[in-house]
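Q: I would like to learn how to read the features of a structure that is new to me. Could we go through them one at a time?

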Amino acid sequence: MNAPAHAVHAKTADAAVPHAHVPLIAWTPELSVGIEEIDSQHKTLVDLLNQLHVAIVERHGARDAAEILERLVDYTRIHFAVEEALMRMLDYPDYEAHKAEHEELVEQVYQLRRKVMVEGKPITGELLFFLKRWLTEHILASDQKYAPHLLSRGVRAQYAKPSWLQRLWARSSH
Ligand SMILES: [Fe+2]
Ligand SMILES: [Fe+2]
């Protein structure tokens with residue numbers, strides 16, 4: 001079950017404080033695309049947004065929030081590159097449209113980062129709600145669509161070996 005709407009609809013970070021214990025995004029089976037590697041990358045993105053939420057409601061400070069936002073930008077670019085490579089290599093017919101959507105999503109998160117880090121805008125509940133939709137709507141509406149194609153072209157639902165990307169990411173974020 002996702003966080004109650006009022007927790008993320010809040011106009012200010014202050015208004016969201018009582019809900020610090022409720023994750024901004026709860027991972028649910030509906031978010032799964034049925035490919036373990038992709039799910040694990042999506043879980044990393046969910047985790048980063050939840051970390052950002054906690055940093056805001058527990059007032060960890062602007063620097064912490066900016067660092068998480070920076071990691072969100074970095075990991076989003078890595079994740080999109082992985083998806084695009086898979087779609088391109090396996091001839092996904094809607095590759096161009098999906099890539100264009102990624103470009104728009106990256107642009108949105110860049111603008112957000114600029115507003116927060118350059119213009120000093122606060123990260124509000126409204127903004128967190130935007131990021132929640134930014135991620136979940138893309139997974140539900142677009143990523144879900146490529147999964148059957150990739151699976152039909154031999155992508156394994158589960159991986160036999162640990163993911164180098166997750167290991168690399170875990171190492172770089174400590
Ligand atoms: Fe994705
Ligand atoms: Fe995608």
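Q: How is the exposure of a residue judged, and is Arg59 buried or exposed, or something in between?
A: A residue is called buried if 20 or more other C-beta atoms, placed from the backbone, lie within 10 Å of its own, exposed if 12 or fewer do, and partly exposed in between. Arg59 has 13 other C-beta atoms within 10 Å, so Arg59 is partly exposed. Arg59 sits in the loop between helix 3 and helix 4, and, although not a glycine, Arg59 has a positive phi of about 50 degrees.

Q: Which class does Asp91 fall into, and where does Asp91 lie?
A: Asp91 has 9 other C-beta atoms within 10 Å and is therefore exposed. The loop between helix 4 and helix 5 holds Asp91, and Asp91, likewise not a glycine, has a positive phi of about 55 degrees.

Q: How are the residues and chains labelled, and what kind of model is this?
A: Residues are numbered from 1 along each chain as its sequence is written, while chains are lettered from A and ligands numbered from 1 in the order in which they are written. The model is a predicted one, in which local features need pLDDT of at least 70 and side-chain atom pairs count only at pLDDT 80 or more, whereas totals for chains, interfaces and linings use all residues.

Q: What is the mean pLDDT of the protein, and where is the pLDDT below 50?
A: pLDDT is the predictor's confidence in each residue, from 0 to 100. The mean for the protein is 88, and 88% of its residues reach 70 or more. Over residues 1-18, however, the pLDDT is below 50, and this stretch has 37 contacts in the model beyond near neighbours in sequence; two residues are in contact if their C-beta atoms, placed from the backbone, lie within 7 Å. Where pLDDT is low, the predicted coordinates should not be read in detail.

Q: How many helices and strands are there in the protein?
A: Helices (H or I, at least four residues) and strands (E, at least two) are DSSP runs, numbered from the N terminus. There are seven helices and zero strands in the protein.

Q: How do helix 4 and helix 5 lie relative to each other?
A: Axes are lines fitted to C-alpha atoms, for helices over the stretch in contact, and angles run from 0 to 180 degrees between N-to-C directions; under 35 degrees counts as roughly parallel, over 145 as roughly antiparallel, 65 to 115 as roughly perpendicular and the rest as oblique. The axes of helix 4 (residues 62-89) and helix 5 (residues 95-117) come within 10 Å and cross at roughly 170 degrees, so the two helices are roughly antiparallel to each other. Among the residues that meet are Leu69, Val73 and Phe80 in helix 4, and Val106, Val109 and Tyr110 in helix 5.

Q: How do the axes of helix 3 and helix 6 cross, and which residues meet there?
A: The axes of helix 3 (residues 36-57) and helix 6 (residues 125-152) come within 11 Å and cross at roughly 170 degrees, which makes helix 3 roughly antiparallel to helix 6. In this pairing, residues including Leu45, Leu49 and Ile56 in helix 3 meet residues including Leu128, Leu131 and Leu135 in helix 6.

Q: Which residues have the most contacts inside the largest nonpolar core?
A: In soluble globular proteins, nonpolar side chains tend to be buried together. A nonpolar core is a set of buried Ala, Val, Leu, Ile, Met, Phe, Trp, Tyr and Cys residues joined through C-beta atoms within 7 Å. The largest one here has 18 residues, and those with the most contacts inside it are Leu48, Leu49, Leu52, Ile56, Ala65, Ile68 and Leu128. Helix 3, helix 4 and helix 6 each supply at least two residues of this core, and the largest share, eight residues, comes from helix 3. A second, separate core of six residues includes Val33, Ile35, Ile38 and Leu150.
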